[in-house]
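Colleague: Could you walk me through this model before I start setting things up?
Modeller: Gladly, here it is.
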Number of protein chains: 2
Amino acid sequence: MPHPWTPISGGLTAPAGFLAAGTTAGLKASGKPDLALLLAPEGAVCAGTFTTSLVRAACVDLCAQRLAASGGHARAVLTNSGQANACTGARGLADSLTVTAAVAERLNLAPEEVLICSTGVIGVPIPMHTLVAGLDPLVAALSPEGGAAAAQAILTTDLIDKQIALEANLGGRTVRIGGMAKGSGMIHPAMATMLGTLTCDAGVPADVWQAMVSRAVDRSFNAITVDGDTSTNDTFLAFAAGELLGPEHFDALEAGLTAVSQHLAKAIARDGEGATCLLEVQVEGAADEAGARAIARTVCGSSLVKCAVHGRDPNWGRIVAAAGRAGVLFDPNAVALWLGDHQLMAAGQPLAFDRAAASAYLRERAAGAYLQDDTVQIRLQMGAGPATGVAWGCDLSDQYVRINADYTT
Amino acid sequence: MPHPWTPISGGLTAPAGFLAAGTTAGLKASGKPDLALLLAPEGAVCAGTFTTSLVRAACVDLCAQRLAASGGHARAVLTNSGQANACTGARGLADSLTVTAAVAERLNLAPEEVLICSTGVIGVPIPMHTLVAGLDPLVAALSPEGGAAAAQAILTTDLIDKQIALEANLGGRTVRIGGMAKGSGMIHPAMATMLGTLTCDAGVPADVWQAMVSRAVDRSFNAITVDGDTSTNDTFLAFAAGELLGPEHFDALEAGLTAVSQHLAKAIARDGEGATCLLEVQVEGAADEAGARAIARTVCGSSLVKCAVHGRDPNWGRIVAAAGRAGVLFDPNAVALWLGDHQLMAAGQPLAFDRAAASAYLRERAAGAYLQDDTVQIRLQMGAGPATGVAWGCDLSDQYVRINADYTT
């Protein structure tokens with residue numbers, strides 16, 4: 001889909017009127033930044049999508065309740081990293097209320113206008129004294145250049161920060177969209193990603209904005225998987241504030257929103273724990289889009305496919321086997337399969353292919369994160385249907401196991 | 001459930017009248033045994049359950065068709081290991097027909113009475129000349145002591161063969177049930193396991209037998225997971241032949257059938273690729289049995305839970321997070337959780353627990369496969385509901401990744 005958006009710097013604070021900050025309060029043993037704050041302009045609308053897990057953190061409940069009660073309005077979001085504040089019972093909710101009230105007081109807002117996201121170890125409460133003591137320096141650091149610092153402060157096992165901003169001329173005015181995200185493990189979002197925040201300096205009615213955001217999330221964060229584990233804290237919050245945009249530009253705005261969301265989602269998959277490449281699975285010729293996406297995500301999430309990619313082994317049988325268990329009806333005798341430019345199957349039957357060249361294709365895509373050629377592309381044609389779908393993930397390495405065997409000890 | 005069954009030796013050929021053999025035809029590069037044959041007595045009924053994957057091997061189609069056409073009767077099953085003969089198109093079906101016809105000729109059976117199972121690399125056809133040349137020595141080796149040789153010949157990445165036999169006195173007569181299975185990776189059976197065969201020397205009407213077998217499979221092979229990948233070749237075949245058993249003994253027979261199936265299923269989970277322990281997840285107090293099993297299997301299949309167990313890390317938050325995404329409704333505030341005898345949660349809230357003792361519990365269960373103390377037990381109480389469910393799996397190790405990164409190259 002061609003769109004008028006071009007990348008600019010500035011991340012979350014590239015859109016006019018948004019302030020952000022990231023500081024170190026001392027919540028993490030590592031001493032890395034751990035507290036981020038975003039302040040949106042007066043009148044901002046806010047759309048949220050949240051984990052579909054039945055077990056969700058108090059902060060997720062609080063965000064969902066406040067957005068529902070306000071009809072999609074909020075002014076600020078605080079993010080703490082180090083403790084997920086999930087499975088912490090009544091204390092978890094009390095702590096979330098205390099933190100948002102303390103932030104509201106310092107920003108002259110009502111407590112209901114402040115949201116909170118938490119990420120880190122499940123079951124561990126937030127050291128409240130440390131967090132609250134960090135709020136004054138955090139608020140003092142708010143600035144129109146604070147996007148980068150905020151993007152750093154929300155990370156946990158991530159190796160790299162994830163942010164982007166886009167700009168377009170819509171009907172003679174400049175519109176900007178910015179975003180940041182974090183996530184590296186426990187990534188199989190269902191309605192949202194681990195944590196993501198987006199800003200936009202065009203005004204959009206709250207209900208239109210929520211619908212746009214939900215569609216963009218379906219095509220981005222809900223299309224990635226690192227390990228099949230949906231988090232208790234998945235939250236994506238998207239703020240829009242500014243002069244109202246004419247409805248004739250909504251399609252263009254949604255294209256930008258989708259582009260920012262997809263960039264962040266792919267950055268999370270790229271930075272998947274232990275990953276050495278980005279895995280992109282494109283499904284074409286399916287009967288409907290939901291089925292196409294389900295097949296793409298099932299292949300992308302298959303441990304055996306991920307191990308084969310890690311070993312740079314063109315073991316294509318595992319790809320077709322994974323498609324077969326996606327719960328989507330298709331004709332196995334119509335399937336065609338490509339690995340990069342190498343066609344491996346046609347009409348459901350294996351083709352003779354140059355195994356050495358296919359292995360070389362995989363090895364070349366191992367160059368490391370954030371390079372142009374780090375993407376291993378699998379393309380599945382299911383038949384002659386009209387629908388396409390895509391999913392992003394990463395390979396499964398020994399390193400993933402080491403990271404997650406030793407996480408809390 | 002107390003039952004009258006006691007273990008005996010002999011595996012698949014412990015029941016009276018069954019002959020088996022396992023030989024080396026040269027289908028595997030390793031030179032290990034690769035061809036197994038089971039011959040059931042005249043009049044045998046045969047129940048089958050098969051992979052629910054849309055992409056399934058020609059041999060699976062053939063077994064399902066023949067059992068449907070015969071109303072649940074078959075006399076023999078040939079198993080070849082080394083090539084899965086899945087995704088091999090028209091040639092795959094032709095080869096399966098040729099092999100079963102060649103076996104039938106040598107056994108004086110109709111081709112329709114012979115079934116075939118294949119396991120190995122997907123997309124690779126069977127070297128037909130090698131296989132057919134191996135049939136005469138295989139048939140010559142058929143014997144009432146052949147169960148052990150057959151159990152060896154069906155293995156692929158398995159480290160150990162999997163077989164068992166049970167005996168009971170039912171109404172004054174001795175009844176025996178034997179079984180063998182293989183499987184180590186691509187294990188998330190849906191309707192059956194990778195490959196399993198069971199024998200019983202009591203006669204049972206075909207429809208009763210199929211219903212019993214389906215229930216036993218639900219409580220055994222469909223309750224294990226190694227890596228979430230359902231195979232293209234999953235097949236479980238259960239033969240019964242002998243004097244008809246009185247209906248008053250059907251419950252006892254089903255208990256034995258379930259015991260044999262669970263033993264084999266747990267043996268597969270124990271021998272999961274790279275596994276260092278058996279993981280058993282018990283769910284209690286659920287609203288219904290299907291939901292209890294779904295929660296158990298989701299926790300058992302969580303990469304993060306499996307990594308934590310591998311690291312002997314009592315990171316219980318991941319267990320509750322996995323339960324939350326199982327798609328089953330429960331009250332998170334009613335959940336209680338135990339790791340072995342260590343209670344970690346009550347009423348949805350974390351308890352203070354002795355982390356060193358819980359880690360020691362996990363480390364002690366690492367002693368290796370097939371020891372009594374190799375089972376890590378996770379027990380989840382969801383509420384006050386009447387239903388229970390159990391699932392078995394294994395930890396996720398660096399070794400799993402190495403095995404599957406290098407499988408075909």
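Colleague: By what turn and shift can chain B be laid on chain A, and with what RMSD?
Modeller: Chain B goes onto chain A with an RMSD of 0.1 Å, by a turn of 180° and a shift of 0.0 Å along the axis, where copies are superposed by least squares on the C-alpha atoms of residues with pLDDT of at least 70 in both. The two copies are therefore related as by a two-fold rotation axis. In chain B, the C-alpha nearest that axis belongs to Asp398(B), 2.2 Å from it.

Modeller: On the provenance, this is a predicted model, in which local features need pLDDT of at least 70 and side-chain atom pairs count only at pLDDT 80 or more, while totals for chains, interfaces and linings use all residues. Residues are numbered from 1 along each chain as its sequence is written, and chains are lettered from A and ligands numbered from 1 in the order in which they are written.

Colleague: OK, how many residues of chain B are in contact with chain A?
Modeller: There are 52 residues of chain B in contact with 51 residues of chain A, a contact being two residues whose C-beta atoms, placed from the backbone, lie within 7 Å.

Colleague: And which element of chain B gives the most to that side?
Modeller: That is α10(B), with 7 residues; α10 (317–324) is one of the elements of chain B that each supply at least two residues there. Helices (H or I, at least four residues) and strands (E, at least two) are DSSP runs, numbered from the N terminus.

Colleague: Switching topic, is strand β5 of chain A buried or exposed?
Modeller: In β5 (residues 76–83) of chain A, 8 of the 8 residues are buried, so the strand is largely enclosed by the rest of the structure. Buried here needs 20 or more other C-beta atoms within 10 Å of the residue's own, with C-beta atoms placed from the backbone.

Colleague: What does β5(A) pair with?
Modeller: Strand β3 (residues 35–39) of chain A is joined to β5(A) by 5 bridges and runs antiparallel to it, whereas 8 bridges join β5(A) to β6 (residues 114–121) of chain A in parallel; pairing requires that DSSP finds at least two bridges between two strands. In β6(A), Thr119(A) is the bridge partner of Ser81(A).

Colleague: In what order do the strands of the 6-strand sheet run?
Modeller: That sheet of chain A is open, with mixed pairing, in the order β14-β13-β12-β15-β11-β16. Its edge strands are β14 (349–350) and β16 (387–394) of chain A, each pairing on one side only.

Conventions
A residue is buried if 20 or more other C-beta atoms lie within 10 Å of its own, exposed if 12 or fewer, and partly exposed in between; C-beta atoms are placed from the backbone.
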